[in-house]
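Subject: Structure for your review

Dear colleague,

Please find below the structure that I am handing over to you, with its sequence. My findings follow directly after it.

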Amino acid sequence: MSEIYNQVLSALTAPDQIFAFEESEHSSGVTYREFTNTPKTLDKYYEFGLLFPDWEFIVFEGERYTFQDIHKKVAQAANAFQQSGIQKGDRVAICMANNPEYIISFMALTSMGAVCVLLNSWWVPDEVSYGLENSQAKMLIADEKRLRGLEKFPEVQKIVVRPQSDSDAMEFNQFINSHSQTFPSVDLDTHDHATIFYTSGSTGFPKGVLSTHRNILATIFSWALVTTLKREVEALEGDTPAKLDPPQSDVPVNQSAILHCVPLFHVTGSHSGFLMSIIAGRKMVMMSKWDPGAALQLIQDEKIGAITGVPTQTWDLLTHPDKDKFDLSTFKELSGGGAARPPEHVQKLKDGFKDAEPSLGYGLTETNAAGTLNLGKDYLMHPGSCGRAIPPVTDVAIIDETWKFLEDSGTVGEIVIKSPANMVGYWGNEEATKEVFNDDGWFKSGDLGYIEGGFVYIVDRVKDLVIRGGENIACIEVEAAIYQHPSVQEVAVFGIPEERLGETLCASICLKPSSQLTEIELQEFLHNKIAAFKIPSMLKIDSLDLPRVASGKFDKKVLRNEFVSIEQNLS
């Protein structure tokens, strides 16, 4: 790191600054580095939005809400929840497509001490039922589609959002509108439970990830520090103008705006897209469903400056046939998370969007998305890396199977993360919690990787490493090689059981529109790019999009089952 970087970081984290931090012992006996001057609870954090009350906060399908508009509705909703019997510590579930009511409900519940349970809106009724039972939710806020099939839960109070027909559930605005716009008085502590996010459930039953106000805010202020640090370092190095004066309450002509296009039940959508917009005074233009053509139109019309989503989404925009028909001059920040971005895409994104800057974050639901960041010049120089540990309170390391920390640079092992952003644990599942934490507070990510020069490189998921004939095959390496073929749009590489060599290496490929590619052509293409044993022996090539889990990652469980069926039919 440069001397300027270290000097600015030191200045920003000085004792009298908002990003000041110190060593602090948690009640569990584990010592963490913690921010000392930041808000300790989410209700206090939300007050940042009142620094610019008249600025637009949410734009959704023609509807527009200022920060003050939302703050008033949040207060009404908090009073409504409290007066309907919801008390501090009670779980209240949300299950619906992205919309303003989702934001209002989240803010209200966490402001009055309830635990907000974010259920996957892609789940079928049986899966939603599991989430309600597992979390012991007392109330469900949902749209009509997600309320269907839940009649067996008469004890769960139901609030319906944006109904298109008559419903037995109370309508959301009717539920909140008669209540006071002054927040109810609730005694909140930084260690109070705030959220339960569910893992994607690609294997077994989804686990509820329980986090406190402290956990979530540790991530938010870590990101805020990095954003400030990057801006000031670049200003001192002469790459960008010095930062603007602090925001005033007058509505700005050039307010920053983000295209919010990932589900709010995922930490990327909740934390990076939604919560970060509050401290930034950023307009959040929400999409309930991803459509790259509609996204390009919104970027032009709303003067969008940033996007945070899975890397596929920025690639969809870059490769859209109508991209050059739109004015995308405001589009600068191309953030990605939740999945790997092929290294060769990084420079193409930089070249394809004028003055744009791709970036990538790595974290998990269990770490409230805190982990690493790769942005700016670093990302262009290290496109295969997910970046360096986020300063100043997060550490990233590599361990072997016995929890021994690996000091050798470049040695592959499991990535572990220590941060005050780490979850409390899995809701109602102490055994699973103990499996992923050690006594010093380090969390096992389940990802294989290595650290070189401070940069973290992910090799694969631990469970997805293919071992064939004693040789370890990193799926992400094979995927990167296949992505180099100009006809390939998407690829997922994985293994299925095979009697003689242990596993058969497989690849499922989606081609770009109007492209053609045969198995023989691809294998010949790969011949001089990766070792022969790394070339998949089973391939499926067509024009269908690959299935994904809620986080946006490819659903390799579904793909494995498909290939096992193919293998069985051939034998």
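I begin with a contact between two helices: T314, W315 and L318 of α11 meet H345, K348, L349 and G352 of α12. Please bear in mind throughout that this is a predicted model.

Helix α11 comprises residues 311–319, and helix α12 comprises residues 343–352. Their axes come within 10 Å and cross at roughly 50°. An angle between 35 and 65 degrees is neither roughly parallel nor roughly perpendicular, and α11 and α12 are therefore oblique to each other. The crossing in which α11 passes α12 is left-handed.

Which residues of α12 are buried? They are H345, V346 and L349. These three cover an arc of only 110° around the axis, which puts them on the same side of α12. In general, an α-helix has 3.6 residues a turn, so residues three or four places apart point the same way. The packing partners of the buried residues of α12 are α11, β15 (333–336), β16 (357–363) and α13 (377–381).

Q313 also belongs to α11. With a relative accessible area of 6%, Q313 falls under the 20% limit and is therefore buried. Leaving aside residues up to four places away in sequence, Q313 touches C261, V262 and W290.

I258 has M284 in β13 as its bridge partner.

Strand β10 (residues 193–198) deserves a separate paragraph. Five of its six residues are buried, so β10 is largely enclosed by the rest of the structure. Three bridges join β10 to strand β6 (residues 115–118), and these two strands run parallel. In this pairing, L118 stands opposite F197 of β10. Strand β11 (residues 208–212) is joined to β10 by five bridges, and here the strands run antiparallel. T195 stands opposite S211 of β11.

Finally, I would draw your attention to V456, which is found in strand β23 (residues 455–461). Is V456 buried or exposed? Its relative accessible area is 1%, which is under 20%, so V456 is buried. Not counting residues up to four places away in sequence, V456 touches T372, S385, C386, G387, V396, I415, Y450 and I451. K40 lies 416 residues from V456 along the chain, and the C-alpha atoms of the two are separated by 30 Å.

With kind regards

Methods. Residues numbered from 1 in each chain as written. Predicted model: local features only at pLDDT ≥ 70, side-chain atom pairs only at ≥ 80, totals over all residues. Heavy atoms only, no water. Helix = DSSP H or I, 4+ residues; strand = E, 2+ residues; numbered from the N terminus. Buried < 20%, exposed > 50% of the residue type's maximum accessible area, 1.4 Å probe, protein only. Contact = heavy atoms within 4.5 Å. Pairing = 2+ DSSP bridges. Arc of directions from axis to C-beta. Axes fitted to C-alpha atoms, helices over the stretch in contact; angles between N-to-C directions. Parallel < 35°, antiparallel > 145°, perpendicular 65-115°, else oblique. Left-handed = near helix turned anticlockwise from the far one by under 90°.
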